[in-house]
Amino acid sequence: MAAQLTQTALKPQIIPTNAGLRTFAAPPTALQEDIVPNDLFYIRNHWKNCPEIDQATYRLAVDGQVSTPLSLSYEDLKQLPQKRFQVTFECCGNSPVPEYWSKALRISTVMEGIKGHGIMGNAEWAGVSLRDVLKKAGVKDSAVEVMFEGADHGPDETVGDPPDVTYERSLPIAKAMHPDTLLAYEMNGEPLPLNHGFPLRLLVSGWYGMNSVKWLVGIHVLDHEFKGFYMTDRYITTNEPGSAVPYTYYTKMKVKSIITNPAPGEIVPASGYTLAGAAWSGEDRITKVEISTDSGATWSLVDTVRPRSDYSWNRWEHQWTPPGPGKYTLMCRATNDQGDTQPMEFPNKWDGRGYGNNMVFPHEVEVR
Ligand SMILES: Nc1nc2c(c(=O)[nH]1)N[C@H]1C(S)=C(S)[C@@H](COP(=O)(O)O)O[C@H]1N2
Ligand SMILES: [Mo]
């Protein structure tokens, strides 16, 4: 019995990031492998209980600016041509700087999971092109956006107001019609787990996580911009005072990279060590990853950047022989094919939310 308890304690588990048990981060070691296993993949739910949908009676409504409104069963969706590929995504609240740990979450206690970069993951997804479903319904010329309705609703998690709001997000028609925007029913070869949106979720390849609506029950084609609560009151950043555009609405993921090896607390041997990590940039390509082992004073190109698979992160490695025992601050910095490089500091300082942090992160290590 005692042995069994020890075994359970050693098994890596997702880590709560808020007191309401709505968000769980992947443990740092789960980000060391190419694919994050389903039971360690981060969970971001707006309400504690997720909807339990019966696959047999499930229907997906497709309506609005279409010539033929549809009501599709799980089996109907399975009949359509399948697409299967890897997609990395992160919550736009991933990697908040320490000043925002409690502020962004409106809690006084800092939960362990909020530290680091665990509110992200990479998995292999299978499903159908949203485009195929929209084409079946016949999108009218009047269409501007497509709104996605989740089955979950309730009072807003932080302030309780609105008292009953549904998780709904929209996409511009061009992204909705992109062949790699998926309606996913499988995650790493298994039916979508309950917490990840069973039986069906939207998967907006290359974009921040909040766009990928889980427990998807409605696809509504609109002739106007959708102004729902989770579009206009959440997941935005107030721009610097005096900016021409007042808000940033997060869409495609910004260029970013992290160090995964060594994991926090892991001691690096003085004889040498292979540093490793991941780099990604939404729809764009990573062209360069640099590493610094002296707090950003000097930089060199990492030894190896592995090609990404579809929309996955790029894994990278770098051989390091430390000058000697002691404490070091490591950093990695990625650049994409648009010429964007990670900033050295948190980019949205004036805003209280902590979203969209793609800064170069200090990674403290001890060499013995
Ligand atoms: N219906 C619904 N979809 C949702 C959410 C939600 O709470 N309800 N959370 C969103 C957010 S903020 C993120 S980051 C991702 C997280 O997906 P995951 O829990 O599968 O990792 O789902 C998005 N889709
Ligand atoms: Mo999120």
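This is a predicted model: local features need pLDDT of at least 70, side-chain atom pairs count only at pLDDT 80 or more; totals for chains, interfaces and linings use all residues.
Let's start inside. In soluble globular proteins, nonpolar side chains tend to be buried together. The largest nonpolar core here contains 72 residues, and L60, W125, L183 and I219 have the most contacts inside it. Strand 10, covering residues 181-187, supplies the largest share of this core, with five residues. Both domain 1 (13-234) and domain 2 (256-367) contribute residues, so the core lies between the two domains. Apart from this core there is another one of 18 residues, including I259, Y273, W316 and L330.

Leaving aside residues up to four places away in sequence, I219 touches L60, A61, V62, D63, L130, L134, V146, M147, F148 and L183.

Two of those contacts, L130 and L134, bring us to helix 3. This helix spans residues 130-137, and L130, V133, L134 and A137 are buried in it. Viewed down the helix axis, the buried residues fall within an arc of 95°, so they line one face. An α-helix has 3.6 residues a turn, so residues three or four places apart point the same way. Just past the end of helix 3, G138 adopts a positive phi of about 75°.

Finally, look for an open sheet of four strands, ordered 16-18-22-21 and paired antiparallel. Strand 16 (256-261) and strand 21 (304-305) are at the edges with a single partner strand each, so one side of each has no neighbour in the sheet. Strand 18 (residues 273-280) and strand 22 (residues 314-320) are joined by seven bridges; T274, for example, has Q319 in strand 22 as its bridge partner.

Definitions and conventions: Residues are numbered from 1 along each chain as its sequence is written. Chains are lettered from A and ligands numbered from 1 in the order in which they are written. Side-chain values use heavy atoms; hydrogens and water are left out. Buried means under 20% relative accessible area, exposed over 50%, partly exposed in between (1.4 Å probe, protein chains only). Helices (H or I, at least four residues) and strands (E, at least two) are DSSP runs, numbered from the N terminus. The arc is that of the directions from the helix axis to the C-beta atoms. Two strands pair if DSSP finds at least two bridges between them. A nonpolar core is a set of buried Ala, Val, Leu, Ile, Met, Phe, Trp, Tyr and Cys residues joined through side-chain atoms within 4.5 Å. Domain bounds come from an automatic or database domain assignment. Contact means heavy atoms within 4.5 Å.
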